[in-house]
Amino acid sequence: MNNKSVSATLPVLFIPHGAGPCFFMEWQPADTWDKMVDFLKGISSRLPQRPKAILIISAHWQTPYFSITTSTQPDLIYDYYGFPEHTYQLTYPAAGAPVLAERIGNMLTDAGLHNTQDASRGFDHGVFIPLKLMFPDADIPVVQLSLRHDLDPEAHLMAGKAIASLRDEGVLIVGSGMSFHNMRGYGDTKFTAPSEIFDDWLTKTVAADADARCAALSDWSKAPHAIESHLLGSEEHLIPLMVVAGAAGTDQGQKIYSQQVLKTQISAFQFG
């Protein structure tokens, strides 16, 4: 058998998407986001093969039930405010994948997770901003899966488990959020140590075996300095990690990027 014809199981990723369109504008200090940019640009080289499609779960879309984009050519949603005018002209003309979206819906339904399909929803900045760096040619079809409004970690772990087999079919599953996301903490040195301690807990948790990992993530708010890192009721930037961890199956997780940004520790994780 020609091994080049064998489809590899793709890893699953939890990535930071920065602050609004931060990667495409001037910032002070000028190098604030440089390492994150380099990390995102290098993701494609980490993959065993080019994805046939991307399924991305962004912190910036929450619905009563899981919802999936079905448009053949989704628009962009510039859901950030007060940034330079040119950042509202950014483009990312990736095609949608309605057939894949329908399949994802069926997988969620089979797992007992009610879901809906949305033909009008575009891609928010948690999708197109990092993807412009990861896959700048916008030539891979993209489907977005929403978070549930209740931000229930167990439901999102279940959703990840339901769609895990897509990894064997060339679909790259990406959770787009931030490992630390407390707006009051950015730029404040009082949050540096708490963010580092929570980051250390996340690092150990994703590296645990699947059962221990899921149990710990289900109860994430009891982790050291968790509530300082993600205010309860506003933990939407952490929850994409739950979907990713569910889709990981028995694969061990590892930290693949980490740096101090705006006085807080920010990391990315990969399973498989």
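His-225 is partly exposed, with a relative accessible area of 30%; buried denotes under 20% relative accessible area, exposed over 50%, and partly exposed the range in between, for a 1.4 Å probe and protein chains only. His-225 is placed in the loop between α7 (210-218) and α8 (226-229), where helices (H or I, at least four residues) and strands (E, at least two) are DSSP runs numbered from the N terminus. The phi angle of His-225 is near 65°, a positive value in a residue other than glycine. A positive phi near 55° is also found at Leu-151, again in a residue other than glycine. Leu-151 belongs to the loop between β5 (142-148) and α5 (153-163) and is buried, at a relative accessible area of 4%.

The model is predicted: local features need pLDDT of at least 70, side-chain atom pairs count only at pLDDT 80 or more, and totals for chains, interfaces and linings use all residues. Residues are numbered from 1 along each chain as its sequence is written, and side-chain values use heavy atoms, with hydrogens and water left out. The pLDDT, which is the predictor's confidence in each residue on a scale from 0 to 100, averages 96 over the protein, and 98% of the residues score at least 70. Over residues 1-5 the pLDDT is below 50, and beyond near neighbours in sequence this stretch has one contact in the model, a contact being defined by heavy atoms within 4.5 Å. Where pLDDT is low, the predicted coordinates should not be read in detail.

The loop between β1 (12-16) and α1 (34-41) holds His-17. With 0% relative accessibility, His-17 counts as buried. The side chain of His-17 forms a polar contact with the side chain of His-60 at 3.2 Å, and another, of 3.4 Å, joins it to the side chain of His-237. A polar contact is a pair of N or O atoms within 3.5 Å; within protein, one must be able to donate a hydrogen and the other to accept it, and residues adjacent in sequence count only if both atoms are side-chain atoms. Leaving aside neighbours within four places in sequence, the contacts of His-17 include Phe-23, Ala-59, His-125, Gly-126, Ser-176 and Met-178. Pro-29 also lies in the loop between β1 and α1, and the peptide bond from Gln-28 to Pro-29 is cis, with omega near -5°.

His-237 also has a polar contact with His-181, side chain to side chain, at 3.4 Å. His-181 is located in the loop between β6 (171-177) and α6 (192-206) and is buried, with a relative accessible area of 16%. Apart from residues within four places in sequence, His-181 is in contact with Tyr-186, Ser-229, His-230, Glu-236 and His-237.

The largest pocket is lined by 16 residues, and those nearest its centre are Gly-18, Ala-19, Gly-20, His-181 and Met-183. On a 1 Å grid over the protein atoms alone, a pocket is an open set of points with protein on both sides within 12 Å along at least five of seven lines, and lining residues have an atom within 4 Å of a point. The volume of the largest pocket is about 240 Å³, taken as the space filled by probe spheres set on the points, with grid points joined across faces, edges and corners. The lining comprises eight nonpolar, seven polar and one charged residue; Ala, Val, Leu, Ile, Met, Phe, Trp, Tyr, Cys and Pro count as nonpolar, Asp, Glu, Lys and Arg as charged, and the others, Gly among them, as polar.

Leu-10 is in the segment before β1 and is buried, at 0% relative accessible area. The C-alpha atoms of Leu-10 and Val-171 are 7.1 Å apart in space, although the two residues are 161 apart in sequence. Beyond four places in sequence, Leu-10 is in contact with residues including Pro-48, Gln-49, Arg-167 and Val-171. Gln-49 is situated in the loop between α2 (43-46) and β2, and its side chain reaches the backbone nitrogen of Ala-8 at 2.9 Å.

Strand β2 (residues 53-63) contains Trp-61, which is buried, with a relative accessible area of 5%. Trp-61 and Arg-121 are 60 residues apart in sequence and 9.6 Å apart in space, C-alpha to C-alpha. Not counting residues up to four places away, Trp-61 touches Arg-121 and, among others, Ser-67, Asp-118, Asp-124, Gln-144 and Leu-147.

Terms used: 1 Å grid on protein atoms, 1.4 Å probe; cavity = no way out; pocket = protein on both sides within 12 Å on 5 of 7 lines; lining within 4 Å.
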